[in-house]
Amino acid sequence: MARKMLKDGEVAVADGDGADEGSYDYDLFVIGAGSGGVRGSRTSAGFGAKVAICELPFHPISSEWLGGHGGTCVIRGCVPKKILVYGASFRGEFEDSKQFGWEISGDINYNWKKLLENKTQEIVRLNGVYKRILGNSGVTMIEGAGSIVDAHTVEVTQPDGSKQRHTTKHILIATGSRATRVNIPGKELAITSDEALSLEELPKRAVILGGGYIAVEFASIWRGLGAEVDLFYRKELPLRGFDDEMRTIVASNLEGRGIRLHPGTNLTELSKTADGIKVVTDKGDELIADVVLFATGRAPNSNRLNLEAVGVEVDQVGSIKVDEYSRTSVPNIWAVGDVTNRINLTPVALMEATCFSKTVFGGQPIKPDYKDVPCAVFCIPPLSVVGLSEQEALAEAKNDILVYTSSFNPMKNSISKRQEKSVMKLVVDAETDKVLGAAMSGPDAAEIMQGIAVALKAGATKATFDSTVGIHPSAAEEFVTMRTLTRRVSPASKPKTNL
């Protein structure tokens with residue numbers, strides 16, 4: 001079958017740089033079997049391409065030589081993290097249950113090793129599921145570390161050290177990213193999210209450095225499981241890049257759950273003591289912890305790919321530069337997912353990989369659409385957003401912005417007496433009435449926001465929301481009953497913030 005690809009901005013039949021169809025071992029060789037790599041492999045195979053994929057041997061904690069089918073999200077990211085969030089959430093449920101008539105006498109014992117064992121069993125199962133998906137799609141799986149020899153050759157170093165070379169018409173890089181460590185004295189005493197998901201013992205005292213997704217999520221997990229948690233971050237609020245009003249709510253909720261926040265504070269030194277790890281801050285404070293987690297960012301897995309030698313351009317942090325169709329500076333080498341550092345979310349990698357397959361092998365050139373991508377932070381309670389924050393809307397606005405908010409005590413809390421409000425927010429263009437962004441902090445935020453994302457993608461107006469009948473009694477109905485304007489903001493008067 002003729003397979004079409006996008007070339008130099010036009011749709012043209014791929015000619016393999018003048019080579020015959022049969023001169024390569026494969027039509028596509030994929031390096032990395034995470035979410036993006038697996039999606040790109042099987043969808044390309046579905047279009048009739050002959051596909052191979054290489055991946056490192058499975059292990060819950062990644063390294064230069066360990067990984068596994070499913071990648072970060074399945075093995076040491078979204079999935080095991082969410083399992084731990086579920087486990088940590090029961091603490092609040094037990095507390096709340098008393099006002100609903102549940103009489104719990106005596107201590108409630110917690111078995112960390114049980115959760116860890118079940119978490120590991122689940123990621124091992126999913127690792128097998130991903131392998132079966134690839135096998136059922138006709139994709140050849142090769143175990144080992146891939147690197148690029150030239151524009152049409154991939155070398156795979158297998159676990160026993162032997163090397164094999166495979167020729168291919170196209171190469172797709174989907175190697176993801178890896179957690180980084182802050183360069184301070186004693187940094188070797190700290191752990192990253194990889195190790196945090198596989199700790200043999202649950203810490204009683206935890207220090208976390210960072211203010212992003214991973215930092216606030218692990219703060220909620222460890223606090224929910226009974227640990228004392230101190231969270232340090234450089235800005236005045238956690239979750240830089242999110243709506244400032246919602247960041248304030250998250251910070252308040254974290255404190256309400258017993259997490260000690262240290263805004264505007266960094267760590268300067270770690271050292272081992274008889275009582276644990278001594279942590280020193282840039283304000284001269286000292287404290288002792290059982291575990292110190294660095295949750296300060298991730299770096300693309302591009303170092304070992306031999307990219308420079310074949311002319312694939314990367315930026316200053318090692319992210320692979322790609323065009324709108326995920327094509328690198330070498331026309332037949334492509335890249336998707338975190339290694340390109342666009343929007344580093346699993347569903348986005350899936351979208352990019354699907355678009356790649358359609359473009360290269362399906363004869364359907366299509367660019368990934370990054371507008372109105374929803375996301376969630378699974379702290380307790382969670383935060384979820386879609387579209388523009390108030391700050392982003394003002395930065396892009398030509399018209400005034402209308403802001404609608406609702407802060408309320410969920411029905412469950414009115415009985416449990418938990419002092420924790422849910423907050424919802426809509427950002428609207430005053431001229432067009434179009435809803436530009438939505439946000440929610442509260443139970444089930446992610447489940448609710450997925451539906452709101454469909455509305456925004458369809459171009460819903462505030463009038464559309466107002467004319468929609470709510471589901472009662474539910475928290476979600478607040479999104480269609482916010483009639484009172486909270487504030488009207490002009491782009492000319494947009495607030496300056498360094499939060």
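Me: Helices are DSSP runs of H or I with at least four residues and strands are DSSP runs of E with at least two, numbered from the N terminus. Where does that place Phe-100?

Reply: Phe-100 belongs to the loop between helix H3 (78-97) and helix H4 (112-136). This is a predicted model, where local features need pLDDT of at least 70 and side-chain atom pairs count only at pLDDT 80 or more, while totals for chains, interfaces and linings use all residues. Residues are numbered from 1 along each chain as its sequence is written, and side-chain values use heavy atoms, with hydrogens and water left out.

Me: Why does Phe-100 count as partly exposed?

Reply: Buried means under 20% relative accessible area, exposed means over 50%, and partly exposed is in between (1.4 Å probe, protein chains only). Phe-100 has 43% relative accessibility, so it is partly exposed.

Me: What makes a nonpolar patch on the surface, and which residues form it?

Reply: A patch takes residues with over 30% relative accessible area and no salt bridge; nonpolar side chains (Val, Leu, Ile, Met, Phe, Trp, Tyr) are joined within 5 Å, like charges within 9 Å. A salt bridge is a side-chain nitrogen of Lys or Arg within 4 Å of a carboxyl oxygen of Asp or Glu. Here Phe-90, Phe-94, Phe-100, Trp-102, Ile-104, Ile-108 and Ile-415 form the patch, and together they have about 710 Å² of accessible area (Shrake-Rupley, 1.4 Å probe, with only the protein chains shown as cover for residues).

Me: Why are Leu-239 and Asp-372 called buried?

Reply: Leu-239 has 2% relative accessibility and Asp-372 has 13%, so both fall in the buried class. Leu-239 sits in the loop between S11 and H7, and its phi is positive, about 65 degrees, although it is not a glycine. Asp-372 is in the loop between helix H9 (346-360) and S19; its phi is also positive, about 55 degrees, and it is not a glycine either.

Me: How do you know that S21 and S22 pair?

Reply: Two strands pair if DSSP finds at least two bridges between them. Strand S21 (residues 401-408) and strand S22 (residues 422-429) have eight bridges, so they pair, in the antiparallel sense. Ser-406 stands opposite Met-424 in S22.

Me: Which sheet holds these strands, and what makes S19 and S24 its edge strands?

Reply: The open sheet has six strands in the order S19-S20-S23-S22-S21-S24, with antiparallel pairing. Strand S19 (375-377) and strand S24 (487-489) each pair on one side only, which makes them the edges. The twist averages 15 degrees from one strand to the next, where axes are lines fitted to C-alpha atoms (for helices, over the stretch in contact) and angles run from 0 to 180 degrees between N-to-C directions.

Me: Which strands does helix H7 touch?

Reply: Contact means heavy atoms within 4.5 Å. Helix H7 (residues 244-256) packs on the sheet and touches strand S20 (383-387), S21, S22, strand S23 (435-441) and S24, with a direction about 5 degrees from that of S23.

Me: In which sense do S10 and S11 pair?

Reply: Strand S10 (residues 205-209) and strand S11 (residues 228-233) share five bridges in the parallel sense. Leu-209 has Phe-232 in S11 as its bridge partner. Helix H6 (residues 213-224) packs on the sheet, touching S10, S11 and S16, and its direction makes about 170 degrees with that of S11.

Me: What is the omega of the peptide bond between Ile-380 and Pro-381?

Reply: This cis bond has an omega of about -5 degrees, and Pro-381 is in the loop between S19 and S20.
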